[in-house]
Amino acid sequence: MNQLQLAMITISGANLLGYVGSKYLRIQPTIAILSISLAVVFFINIFKPYLPYQQTHNNLIEFAQSTNFHGLLMDCMLPALLFGGAISMSSKHFIKRRVEIFTLATLATIASVLIIGYGFYWTSIQLGMTL
């Protein structure tokens, strides 16, 4: 089994888990995929000596070790998850609370800039660096 086949099996399995979780367990598909796949990985690791396909297991381990998970998560999965979460929210709530959202977002951004800026400035002075 090559890496393309393993990737397609993984994607198809994730879709199936998301469908089963949303249809029968009545939970968000992303939570279902994570929860059920953790259970499957736990089951496979517990019963690894008794599984008939040791070569497939070794191929899966090799595939997982060769994958750039940081790039996959940050460049592929995170934007899709954020978009999926945002599109499922009702815009009526945002419009109704637009003043509070704008105020808190503005204040939080200003506070973040000040805390990080002054923190970095203070730390650089303590370390003897000049800016």
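Is Glu100 buried, exposed or partly exposed? With a relative accessibility of 38%, Glu100 counts as partly exposed, where buried means under 20% relative accessible area, exposed over 50%, and partly exposed in between (1.4 Å probe, protein chains only). Residues are numbered from 1 along each chain as its sequence is written, and side-chain values use heavy atoms, with hydrogens and water left out.

**View 1. The whole chain is built from helices.** The protein chain has 6 helices and 0 strands; helices (H or I, at least four residues) and strands (E, at least two) are DSSP runs, numbered from the N terminus. The radius of gyration is 23 Å, well over the 14 Å that the globule rule gives for 131 residues, so the chain is more spread out than a compact globule. Here the radius is taken over C-alpha atoms, and the rule is 2.2 Å times the number of residues to the power 0.38. Along the principal axes, the C-alpha atoms fill a box of roughly 60 × 50 × 25 Å. Of the 131 residues, 8% count as buried.

View 2. pLDDT is the predictor's confidence in each residue, from 0 to 100. Its mean over the protein chain is 83, and 98% of the residues reach 70 or more. Where pLDDT is low, the predicted coordinates should not be read in detail.

**View 3. Glu100 and Arg97 form a salt bridge.** The closest N and O atoms of this pair are 3.9 Å apart. A salt bridge is a side-chain nitrogen of Lys or Arg within 4 Å of a carboxyl oxygen of Asp or Glu, and the count by this rule is 1. Arg97 is partly exposed, with a relative accessible area of 44%.

**View 4. A nonpolar patch lies on the surface.** Phe69, Leu72, Leu73, Met74, Met77, Leu78, Leu81 and Leu82 make up this patch, with about 720 Å² of accessible area together. Phe69 belongs to helix H4 (residues 69-87). Patches are made of residues with over 30% relative accessible area and no salt bridge; like charges are joined within 9 Å, and nonpolar side chains (Val, Leu, Ile, Met, Phe, Trp, Tyr) within 5 Å. Accessible areas come from the Shrake-Rupley method with a 1.4 Å probe; for residues, only the protein chains shown count as cover.

**View 5. Arg26 sits in a loop.** Look for Arg26 between helix H1 (3-23) and helix H2 (29-46). Arg26 is not a glycine, yet has a positive phi of about 60 degrees. Most residues other than glycine have a negative phi. At 67% relative accessibility, Arg26 counts as exposed.

Methods:
Predicted model: local features only at pLDDT ≥ 70, side-chain atom pairs only at ≥ 80, totals over all residues.
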